[in-house]
Each structure stands twice: as C-alpha cells, then as structure tokens.
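Subject: Structure handover

Dear colleague,

Here is the structure for your files. My notes on what was found in it follow below.

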Amino acid sequence: MIISDNIKAEIQAEYDNWKDKLWAGKTKEERQKLGQFATPPQLTIKMLEKFESLDGNVLDPCLGAGNLIAAAIIAGADPSKCYGIELDPVVHKVAQLRLSKLGVPPCNIVQGDALDPKSYEEKLLPFASAAYAIVHKEESGNISIVVYNNKKLKSLDLPRAKANTVLATLKRKNVKLFKI
Ligand SMILES: C[S@@+](CC[C@H](N)C(=O)[O-])C[C@H]1O[C@@H](n2cnc3c(N)ncnc32)[C@H](O)[C@@H]1O
C-alpha cells in the first residue's frame with residue numbers, strides 16, 4: 001500500500017496526542033517485563049506499507065496502546081472491523097478509549113491473553129475459526145508461530161527455514177497471517 005504524505009502527517013498527529021499516555025503510568029522496569037514499547041509512526045507506517053490492502057478484518061493480537069490499529073484506521077481500515085487483544089488491563093483501557101475515539105466499538109478490544117483460545121471465542125468471532133500470530137524471536141533467530149484453528153491453539157517455535165515451510169503451507173490453505 002502507498003501511504004500519502006497527508007495520511008502520514010495525520011498518523012503522526014494522532015500519535016502525538018496520545019504519546020504521553022501510552023505508558024499507562026508504568027516504570028521502565030514494569031514495561032520491560034511485558035515488552036511494552038511504543039510503536040512510533042515511522043514503524044506503523046512501514047508496517048502498513050507492507051499490507052496489500054486494509055479491506056476486511058484487522059487484528060492486532062498484542063495491541064499495546066493501539067498504535068498500529070490507530071494508524072490502520074487513519075489509512076482507511078474500517079473501524080468496525082478492527083480488533084485487538086491486550087494482556088495488561090491498564091494499557092487495555094488506554095487502547096479502548098483511544099480507539100473508541102476513532103470509531104472502534106469497545107467490545108472489539110479484548111482484555112486477555114492472545115495465547116488463550118478463550119480470548120478469541122466469545123468476542124473475536126471473525127477470528128473464531130482462524131487467527132494466527134507470528135512473532136520473530138530476535139534472541140534465538142527462531143520464528144514463533146501461534147496458530148489458532150478450530151478452537152485449538154498451537155504454538156510452534158521453529159528455525160527460520162522450517163518456519164518458512166510451515167508458513168507457505170498455511171498460505172496455500174488460505175490461512176490469514178498476522179505478523180506481530
Ligand atoms: C510492543 S507492545 C505492542 C505494540 C502494539 N502492537 C502497537 O501497535 O502499539 C507489546 C504489547 O503486548 C502485550 N502482550 C504481551 N504478551 C501478551 C499476550 N500473551 N497477549 C496479549 N498481549 C500481550 C504487552 O502488554 C504489550 O502492551
């Protein structure tokens with residue numbers, strides 16, 4: 001996707017409005033435990049540029065304060081089809097308030113564990129049959145793939161070559177992939 005300079009400026013302005021509240025009053029040590037780092041506009045814009053389109057549902061399974069979803073909405077995603085899961089209850093509240101101002105229904109923003117099937121079943125119905133999260137593990141160079149399908153959750157931690165084979169198979173089966 002091409003993101004115009006006007007949209008980039010809007011993403012930056014929305015972020016600037018929230019940047020002081022993103023930490024939800026936490027110390028650096030508290031944030032480090034859960035990997036709570038703010039994703040700045042430079043990064044959310046780069047991520048959105050990798051999307052082919054923003055049609056359909058968009059899920060951020062580790063939502064944080066909602067930087068990626070906010071930027072996706074400004075770039076054209078339908079707020080009623082945007083969803084997020086966040087483990088930390090305080091950060092979840094910040095994201096819910098912030099994204100509701102952009103039109104996301106509060107019930108689309110779930111407080112829970114992205115690794116727990118229950119987080120998808122009740123609230124994230126569009127993803128009830130298929131939700132996938134992929135995390136790149138910097139330390140080991142491995143790729144960790146979380147696959148949720150038919151109410152079963154599987155977590156795989158694989159070397160890059162093997163992970164690529166698994167991802168190619170999932171893609172062939174028309175599985176939606178969400179990279180985080
Ligand atoms: C780097 S931040 C996310 C940034 C976010 N994607 C954005 O666009 O701003 C990682 C977030 O994942 C949350 N988190 C960590 N483990 C989680 C889990 N198992 N389920 C849901 N959220 C989780 C942390 O609390 C933290 O807020």
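The model is a predicted one, in which local features need pLDDT of at least 70 and side-chain atom pairs count only at pLDDT 80 or more, while totals for chains, interfaces and linings use all residues. Residues are numbered from 1 along each chain as its sequence is written.

Strands around β2

The pair above belongs to strand β1 (residues 58–60) and β2, which run parallel and are joined by 3 bridges; strands count as paired if DSSP finds at least two bridges between them. β2 also pairs with strand β3 (residues 109–111), again in the parallel sense and over 3 bridges. There, Gly-84 has Ile-109 of β3 as its bridge partner.

Two right-handed β-α-β units include β2: one is made of β1, α4 and β2, and the other of β2, helix α5 (residues 89–100) and β3. Right-handed means that, with the strands pointing away from the viewer, the path from the first strand over the helix to the second runs clockwise.

β2 is largely enclosed by the rest of the structure, because 5 of its 5 residues are buried (20 or more other C-beta atoms within 10 Å of the residue's own, with C-beta atoms placed from the backbone). On one side these are Cys-82, Gly-84 and Glu-86, and on the other Tyr-83 and Ile-85.

Ligand shell

The ligand is surrounded by 20 residues, and the closest are Cys-62, Gly-64, Asn-67, Leu-68 and Ala-114; a residue is included if its C-beta atom, placed from the backbone, lies within 6 Å of the ligand. α4 (67–74) and β2 (82–86) each supply at least two residues of this shell. By class, the shell has 11 nonpolar, 5 polar and 4 charged residues, where Ala, Val, Leu, Ile, Met, Phe, Trp, Tyr, Cys and Pro are nonpolar, Asp, Glu, Lys and Arg are charged, and the others, Gly among them, are polar.

Helix α7 and the whole chain

Helix α7 (residues 160–172) is hardly covered, with 0 buried residues among its 13. Its first and last C-alpha lie 18 Å apart, close to the 18 Å expected (1.5 Å times one less than the number of residues).

The chain has 7 helices and 7 strands, taken as DSSP runs (H or I, at least four residues, for helices; E, at least two, for strands) and numbered from the N terminus. Of its 180 residues, 29% are buried.

Regards

How values were computed:
A residue is buried if 20 or more other C-beta atoms lie within 10 Å of its own, exposed if 12 or fewer, and partly exposed in between; C-beta atoms are placed from the backbone.
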